[in-house]
Protein chains: 2
Amino acid sequence: MSENGKPVIGIMGGTGDLGSGLAKAWARAGYRVVIGSRSAEKAAAAASELGEGVLGAANLDAATQADIVIIAVPFSSHDATLEEIKPVVQGKIVVDAAVPLVPPKVSVVQLPVAGSAAQMAQTILGEGVKVVSAFHNVGAAKLHAGGRVECDVLVFSDDKDARNAVIELCSAVATRGVGGGSLANSAAAEALTSVLIWINRTYKCLGAGISITGLDTPKA
Amino acid sequence: MSENGKPVIGIMGGTGDLGSGLAKAWARAGYRVVIGSRSAEKAAAAASELGEGVLGAANLDAATQADIVIIAVPFSSHDATLEEIKPVVQGKIVVDAAVPLVPPKVSVVQLPVAGSAAQMAQTILGEGVKVVSAFHNVGAAKLHAGGRVECDVLVFSDDKDARNAVIELCSAVATRGVGGGSLANSAAAEALTSVLIWINRTYKCLGAGISITGLDTPKA
């Protein structure tokens, strides 16, 4: 934990578009953030550009220092990154934000055979890690621009407390976090990313997102 | 076509919650609707309750009379219904609204091996049928209540003209139809239904839905 009582957040792939956008948003909200990269030097350089509250380290070091670890690497590095950090994240919350896009057809849904990237993460990390899945539908450009992002974040986990902890983290980066059920349900948000890419291209908009409607209409 | 130039809509499973809700909404908007059921008598009785503009028939008859056919049967009857109507829907638009829920765990995403119900429909019906996928996330209760439904309808198809024809049909039943790409992308909307069922239970709300944000923010 940081001195301010907030969890330290480590971001694997923290030099990428999504990772650095999340780092910026959480640093702005008072979290201590360690961005990870395959190269410690590259991470340190990117961190100094992101400003106060952000440090840089090699992925394994960043995961070791963090209380909550975010996976924001390209899907091609997903499994290898998880294997690397597995020993230092036991007992921690690991938030999988990787989207199983298969280039070049990134606007076509191509979910993995396991059902979702999130379920693959749980299998690799084992039952000692609280895997949560989130941040698939938030455009990186909007995070970098600052201000409220008009996009709900669907949050999935088989562990209710871990899911709620990540829902709390969402308020710093988006309209709100909304629980979406177990890890198996992550398929919906992972698939939606390709749909939103298609919508951005077809409707020529900057950053389509989603909002959950009807949450304020309680059952009679 | 009806005398008013609007396509005749045939709804397989038109006596069910979703099917009858769609029938009501389209009849209200001036479309001629034929609801289908396994039993012609049951369909006729349900149609007379739905009021003016709605007729009832056995599924095969309803599909024969219709210009656009909606599949609103439970997933357990999905394949058999498509096999039955296959000969009479060649050249037509068939809109798959069936959600691949696997009872009893309907709040857990369990997509079919083929990827989506919609892709299964295209395989069964063959290339001569324009398969579109839509209406997975609109609560039946809201359709029956009347008035605008605060839920966007994601519309998928490999045929652009068919997709646009169904987007036009959406305005009578929901906030709006939004194109979501090819039939493979239907997995996103089909999976979202289980997520929305989970949200309704957990947040104790009446009818969670989705809205696509950012469509009005054009690229610079």
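How many of the nine residues of helix H5 of chain B are buried? I opened the predicted model with that question.

**Entry 1: helix H5 of chain B**

I went to residues 117-125 of chain B and found H5(B) mostly covered, with seven of its nine residues buried. I listed them: B:Ala117, B:Ala118, B:Gln119, B:Met120, B:Ala121, B:Gln122 and B:Leu125. I then stepped just past the end of H5(B). There B:Gly126 has a positive phi of about 90 degrees.

**Entry 2: the sheet of chain B**

I traced the strand order next. Eight strands make an open sheet in chain B, running S3-S2-S1-S4-S5-S6-S7-S8. The pairing is mixed. Which strands stand at the edges? I found S3 (54-58) and S8 of chain B there. Each has a single partner strand, so one side of each lacks a neighbour in the sheet. From one strand to the next, the twist averages 25 degrees.

I checked how S3(B) is covered, too. Four of its five residues are buried, so I wrote it down as mostly covered.

Then I took two pairings in turn. S1 (residues 9-12) of chain B and S4(B) pair in the parallel sense, over four bridges. In that pairing I found B:Ile11 opposite B:Ile70 of S4(B). S2(B) and S3(B) pair in the parallel sense as well, over five bridges. B:Ser37 stands opposite B:Ala58 in S3(B).

**Entry 3: one residue, B:Ala40**

I picked B:Ala40, which lies in helix H2 (residues 40-50) of chain B. Is B:Ala40 buried, exposed or partly exposed? I found 16 C-beta neighbours inside 10 Å, so B:Ala40 counts as partly exposed. Burial would take 20 or more such neighbours, and exposure 12 or fewer.

I set aside the neighbours within four places in sequence and looked for other contacts. B:Ala40 is in contact with B:Gly56, B:Ala57 and B:Ala58.

**Entry 4: chain A as a whole**

I turned to chain A and counted its elements: eight helices and nine strands. Its radius of gyration is 16 Å, close to the 17 Å that the globule rule gives for 220 residues, so chain A is as compact as a globular protein of that length. The C-alpha trace spans about 45 × 45 × 35 Å along its principal axes.

I looked up burial for the chain. Of its 220 residues, 57% count as buried. I then took the contacts in chain A between residues at least 6 apart in sequence. Of these, 66% join residues at least 24 apart.

**Entry 5: helix H4 of chain A**

Which residues of H4 (residues 78-85) of chain A are buried? I noted A:His78, A:Thr81, A:Leu82 and A:Ile85. Seen down the helix axis, the buried residues of H4(A) fall within an arc of 100 degrees, so they line one face. On the other side I found A:Ala80 and A:Glu83 exposed. The buried residues pack against strand S1 (9-12), helix H3 (59-65), strand S4 (68-71) and helix H5 (117-125) of chain A.

**Entry 6: where the chains meet**

Last, I looked at the interface. I found 39 residues of chain B in contact with 39 residues of chain A. Three elements of chain B each supply at least two residues of the side that touches chain A: strand S8 (176-181), helix H8 (186-202) and strand S9 (209-213). The largest share, nine residues, comes from H8(B). By class, I noted 22 nonpolar, 14 polar and three charged residues on this side of chain B.

How do S9 of chain A and S9(B) run where five bridges join them? I found them antiparallel. I ended on one bridge of that pair: the partner of A:Ser211 is B:Ser211 in S9(B).

Definitions and conventions. Residues numbered from 1 in each chain as written. Chains lettered and ligands numbered in written order. Predicted model: local features only at pLDDT ≥ 70, side-chain atom pairs only at ≥ 80, totals over all residues. Contact = placed C-beta atoms within 7 Å. Nonpolar A, V, L, I, M, F, W, Y, C, P; charged D, E, K, R; others polar. Pairing = 2+ DSSP bridges. Rg over C-alpha atoms; globule rule 2.2 N^0.38 Å. Arc of directions from axis to C-beta. Axes fitted to C-alpha atoms, helices over the stretch in contact; angles between N-to-C directions.
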